[in-house]
Amino acid sequence: MISYLTRDALDVKKYDDCISNARNCRIYAFSWYLDVVAKEDWDVLILDDYVAVMPLPRRRKYFIHYIYLVSWSQQLGIFSSHPVSSNLVQQFISAIPSKFKLIDIFFNSENKFDDVKVRRRTNYLLSLNASYETLFKNFSKGRKSNVKQASNYNLTISKIHDYSAIISLFKANKDEKVLENDSDYDILNDLMLRGTSFNMVESLGVVTSKNELIGGAFFFKDRKRITYLFSAMNVEGRDKQAMSFILNYVIAQNADTHYTLDFEGSMIPNIASFCKSFGAVKETYYHYKKYVLFG
């Protein structure tokens with residue numbers, strides 16, 4: 001039986017245990033993460049005694065309730081330690097209360113189902129279950145060259161405790177086409193603070209010999225995935241291949257482990273090409289959007 005619970009009625013321990021033990025665990029689905037990105041305005045569909053769960057970030061506007069795509073959250077949907085069949089996905093969708101007149105959800109890659117309202121989206125993953133030497137061999141020729149180039153600039157990787165420094169670096173150097181709201185950056189900073197308290201984040205910066213920060217990135221870590229959530233660099237960082245340097249470092253530090261590096265991208269060709277150049281392989285996840293204007 002699938003039940004609908006509001007956030008305040010949730011058994012948080014059972015819920016987070018379900019997420020942590022899920023075969024398709026994603027950092028975005030933990031209660032602390034959703035509390036930040038959805039400002040505690042989220043509910044949950046639960047199968048039996050937390051056998052499977054589906055978080056529902058929600059809002060209301062002009063008396064219209066709707067489920068929406070929260071910031072910094074690529075994949076939500078249904079999570080379970082058991083396989084999630086397409087039939088179960090449809091059961092969960094049918095169990096969403098009728099008061100929600102818009103349903104807009106990114107389902108995760110293991111929630112495979114066919115529906116006219118579904119669009120497939122692309123992500124890239126790199127299994128780190130191999131030696132660094134083997135992983136590096138699978139880099140593209142250009143990426144290997146970029147890493148070697150960065151190594152010649154006397155750069156160092158440092159843990160950055162002032163998260164706002166990396167966020168500020170991004171804001172100062174972002175493309176004009178990037179339209180995130182200022183509130184999105186506040187949410188990101190709060191995510192880093194909360195994630196740190198759970199020992200599930202790492203903030204890395206690329207620093208020059210003059211102790212200048214030229215690039216940085218945020219990584220979120222659960223039991224299975226290291227999610228490359230955010231990065232920033234200035235012109236010098238681009239010229240000196242700061243992101244290649246950081247990602248190569250993360251790959252080297254976590255080689256020969258059970259982790260998967262999740263690049264979080266992308267449908268944008270040049271970003272997809274960047275991800276693939278590290279030997280990453282494509283993963284498909286699903287965007288479901290449905291309007292229910294009446295009823």
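## Salt bridges and a pocket

1. Arg23 has a relative accessibility of 39% and therefore counts as partly exposed. The model is a predicted one, and the values in this note should be read accordingly. The side chain of Arg23 forms a salt bridge with that of Glu110, at 3.0 Å from N to O. This pair links distant parts of the chain, 87 residues apart: Arg23 belongs to the loop between helix H1 (12-21) and helix H2 (31-37), and Glu110 to the loop between strand S6 (100-107) and strand S7 (118-127). Glu110 is likewise partly exposed, its relative accessible area being 27%.

2. Arg58 and Asp43 also meet through their side chains in a salt bridge, with an N to O distance of 2.8 Å. Because Arg58 lies in strand S3 (residues 52-61) and Asp43 in strand S2 (residues 42-47), the pair ties together parts that are 15 residues apart in sequence. How do the two partners stand in terms of burial? Arg58, at 25% relative accessibility, counts as partly exposed, whereas Asp43, at 1%, counts as buried. The cut-off for buried is under 20% relative accessible area, so the value of 1% places Asp43 in that class.

3. A further salt bridge joins the side chains of Arg120 and Asp114, at 2.9 Å from N to O. Arg120 is partly exposed, with 48% relative accessibility. Asp114 reaches 62% and counts as exposed; the limit for that class is over 50%.

4. How many salt bridges does the structure hold? The total is eleven. Beyond the pairs discussed above, a network of salt bridges links Arg26, Arg225, Asp262 and Glu283.

5. Helix H7 (182-197), strand S9 (201-207), strand S10 (213-221) and helix H9 (242-254) are the elements that give two or more residues to its lining.

6. Which residues lie nearest the centre of the second largest pocket? They are Lys159, Asn199, Val201, Glu202 and Ser203, out of 19 residues that line this pocket. By class, the lining of the second largest pocket comprises ten nonpolar, six polar and three charged residues.

Definitions and conventions
Residues are numbered from 1 along each chain as its sequence is written. This is a predicted model: local features need pLDDT of at least 70, side-chain atom pairs count only at pLDDT 80 or more; totals for chains, interfaces and linings use all residues. Side-chain values use heavy atoms; hydrogens and water are left out. On a 1 Å grid over the protein atoms alone, a cavity is a set of points where a 1.4 Å probe fits but cannot get out, and a pocket is an open set with protein on both sides within 12 Å along at least five of seven lines; lining residues have an atom within 4 Å of a point. Helices (H or I, at least four residues) and strands (E, at least two) are DSSP runs, numbered from the N terminus. Ala, Val, Leu, Ile, Met, Phe, Trp, Tyr, Cys and Pro count as nonpolar, Asp, Glu, Lys and Arg as charged, and the others, Gly among them, as polar. A salt bridge is a side-chain nitrogen of Lys or Arg within 4 Å of a carboxyl oxygen of Asp or Glu. Buried means under 20% relative accessible area, exposed over 50%, partly exposed in between (1.4 Å probe, protein chains only).
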